[in-house]
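Dear colleague,

I am handing over the structure shown below, and I would be glad if you could look through it alongside these notes.

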Amino acid sequence: MTRNSLNRGLGAARAAKKDEFYTQYDDIQKEVEAYLEFDPDTFRGQVVYCNCDDPFESNFFKYFAANFNTLGLKKLVTTSYDGSPIAGQLTLFPEYSEGNGKRKKPKALAVIIDHVKDEDGDGAANIDDVKLFLKRNKAARIPLKGDDKYGGGDFRSADCVELLKQADIVVTNPPFSLFREYVAQLVEHSKRFLIIGNTNSITYKDIFPLIKDNWMWLGCTNFNVGMFFEVPDHWGHFHHIDRETGKKIARVSSSCWYTNIDHGRRHQPLSLMTMAENLKFSKNLRGKATYDRYANYDGIEVGNYKEIPSDYDGSMGVPITFIDKYNPDQFEILGSSMNLGVPMSQVAQKGSYLPGGPRFYIANGDGSYRRMYDRIVIRHRRTRPARKATK
Ligand SMILES: C[S@@+](CC[C@H](N)C(=O)[O-])C[C@H]1O[C@@H](n2cnc3c(N)ncnc32)[C@H](O)[C@@H]1O
């Protein structure tokens, strides 16, 4: 095996491992319910599709099935993937762990629910009623076929694309390794979505333009907190074992929700100081007469979102983490250091700066230049309103 093919193999293995994070019920509940504060009818009358979710194990299925009536769903569609590496430990329904203790490999299937009524007559319509509903309604499970290109239950397979077309809102934690393709499919089919991804995806060249143009934004849960996920039993590295469930839990500090559904947090304006006040009071700027300007772009450097001056109308470079605070009524995104900076070879002598990738540079004052971290370029939105969210 060559070094390259070994690296590719290791890369694929790492990506597959990252695909084995299973979302906790509480995190789904917290995120979904935050949208209801903004619009209590966000999910009412909607077909929700969870397309990377073994319905017998996924907490997405569990949450939407248990809250079917409260949310006012029209239909819940959940599809599982033939190649799922799930070890069978997150089982929601007993039938998967029946037999000799070794669970059968789940075959790709769709579970479709169009009502949840009080099946067991205890006066409440909840997850027990869903279990009973599924037991009594074998027809609610539809086997999924693969096609020429994709296996059964693959979100790209013809069967799943057909289900996607009938859906209004897609909600899941898709495989990290296929995130770009996953988002591209949602955009192609103009679906509303609420999905989990990695914060690094913000700068991907096919994801950033969507954020820039307000087709996609961050979810309600503040992304600095990171998220905890259930991981399979065979995982060596984990954060803790859940006392109630005995499941291994891993922390992923770089996970966040992405959506194109409107919510209240993205309309909260940042409260900011003027340029003069920042220069006087902000720790990083104290002692400076002005904000630094880039050598290869007409804009000022703002190293922390808290130091964005309220009274500056030009372009400002801010850290990527600003996206979590981004209010499209307050700011517009013009681009990033990845696509806006003039090549340094056009503005400075060779040897006076460290080359490498599209970046912004700042003059040190002694003829040399320092290279900045990736920056998002923003401007105050003084007049034009942002594109309205779709519904
Ligand atoms: C990160 S896990 C999340 C599982 C579940 N959505 C959750 O949050 O608990 C990603 C899931 O996608 C499944 N998967 C991987 N590739 C897939 C594909 N091409 N189509 C559909 N599902 C896929 C994996 O089997 C895995 O269950």
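Strand β7 (residues 192–198) and strand β12 (residues 255–259) pair in the antiparallel sense over five bridges, where two strands pair if DSSP finds at least two bridges between them, and strands (E, at least two residues) and helices (H or I, at least four) are DSSP runs numbered from the N terminus. Within this pair, Leu194 stands opposite Thr259 of β12. Please note that this is a predicted model, in which local features need pLDDT of at least 70 and side-chain atom pairs count only at pLDDT 80 or more, while totals for chains, interfaces and linings use all residues. Residues are numbered from 1 along each chain as its sequence is written.

The open sheet is formed by eight strands in the order β5-β4-β3-β2-β6-β7-β12-β8, with mixed pairing. At its edges stand β5 (141–143) and β8 (217–218), each with a single partner strand, so one side of each has no neighbour in the sheet. Helix α6 (residues 158–165) packs on the sheet and touches β2 (47–50), β3 (75–79), β4 (109–113) and β6 (169–172), contact meaning that C-beta atoms, placed from the backbone, lie within 7 Å.

Elsewhere, helix α2 (residues 25–38) packs with helix α3 (residues 59–66) at an angle of about 50°, their axes being 9 Å apart; axes are lines fitted to C-alpha atoms, for helices over the stretch in contact, and angles run from 0 to 180 degrees between N-to-C directions. Tyr25, Ile28, Gln29 and Val32 of α2 make this contact with Asn59, Phe60, Lys62 and Tyr63 of α3.

Technical notes
Two residues are in contact if their C-beta atoms, placed from the backbone, lie within 7 Å.
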